[in-house]
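Please read the following notes with the structure open beside them.

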Amino acid sequence: MAKVFKTARRVFAGRYESLNEIREFIAEAAQEAQFDSQSIYAMQLAVDEACCNIIDHAYGGEDRGWIDCQVDVRSDGLLVTLIDQGKSFDPEQVPPPQIGKPLKEVKPRGVGLYLIKKMVDKMEYHSVAGQGNVMRLFKRKR
Amino acid sequence: MEIKHSQFKRCDLLRVRGRLDSATAPILEEKLEEITEAGRFRLVLDLNEVDFISSKGWWVLINTQKKCKRFNRGEVLLVNVQPQIRDSLELVGMGKYFKIYDDVASAVGSF
């Protein structure tokens, strides 16, 4: 069982201006988890994409709710838990991005979720009545 | 985000500084629209001082690339893309939509 060295939690306003602060919060935790620069960037990108999805899709726009962000610095890596109170979604129903399509046909749908899945080792998502939508992103220390 | 714009005879050079995410992508989008609306479609973007690009940022660049390449009137060339940014671009298969150069002179000279 992995040991948890440190847990920190912050609540951010659901707006794009919060993204930089969120990424800094993640970078700090990733450094404590002894991630290399490539893994720090990967975790920042995954969390940024997840938070954008919360703002755009769960809340349907900026300033409509909060993003609760918890980081667990563990002996085996970093676990980030994001909670929102917006509309839930089924990750299985999001179509994969159109990789390989000609430029004029390519559309943005599905890229964010695809990036999240590629950047972390494990992604879990579930909706709990009374608690909200919970996304857990775990990346192993290399 | 800071954008320095230089207009050359054969192309436009934009030196971008900062992060390109959902908060800042509209700033770059507005600048690129201003240039393309002026009928200039040969663009070089120096990303040497850009340390983060999310998918929202890439979409601004891809939409501009679509606009520039229409009727073969131009192209968006990228220069000095940081390795971790380049990795994420390749991962989602968007790397093939851009020519990436290691120095500004080569990119500008290619037009």
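1. Two strands count as paired if DSSP finds at least two bridges between them. In this predicted model, 8 bridges join strand 3 (residues 77-84) of chain A to strand 5 (residues 132-140) of chain A, and the two run antiparallel. Within this pairing, K139(A) of strand 5 is the bridge partner of L78(A).

2. These strands belong to an open sheet of 5 strands in chain A, with the order 1-2-3-5-4 and antiparallel pairing. Strand 1 (4-13) and strand 4 (122-128) of chain A each have a single partner strand, so one side of each is left without a neighbour in the sheet. On average, neighbouring strands of the sheet are turned by 15° against each other, direction ignored.

3. Helix 2 (residues 37-58) of chain A lies across strand 2 (66-74), strand 3 and strand 5 of chain A. The helix runs at about 10° to strand 3 of chain A.

4. Over all chains, 18 salt bridges are found. One of them joins the side chains of D46(B) and R15(B), at 2.9 Å from N to O. This pair links distant parts of the chain, since D46(B) is in strand 3 (residues 42-53) of chain B and R15(B) is in strand 2 (residues 12-20) of chain B, 31 residues apart. D46(B) counts as buried because its relative accessibility is 6%, under the 20% cut-off. R15(B), at 40%, counts as partly exposed.

5. A salt bridge also joins K31(B) and E34(B), at 3.2 Å from N to O. Both residues lie in helix 1 (residues 25-37) of chain B, 3 residues apart, which is about one turn of the helix.

Conventions
Residues are numbered from 1 along each chain as its sequence is written. Chains are lettered from A and ligands numbered from 1 in the order in which they are written. This is a predicted model: local features need pLDDT of at least 70, side-chain atom pairs count only at pLDDT 80 or more; totals for chains, interfaces and linings use all residues. Side-chain values use heavy atoms; hydrogens and water are left out. Helices (H or I, at least four residues) and strands (E, at least two) are DSSP runs, numbered from the N terminus. Axes are lines fitted to C-alpha atoms, for helices over the stretch in contact, and angles run from 0 to 180 degrees between N-to-C directions. Contact means heavy atoms within 4.5 Å. A salt bridge is a side-chain nitrogen of Lys or Arg within 4 Å of a carboxyl oxygen of Asp or Glu. Buried means under 20% relative accessible area, exposed over 50%, partly exposed in between (1.4 Å probe, protein chains only).
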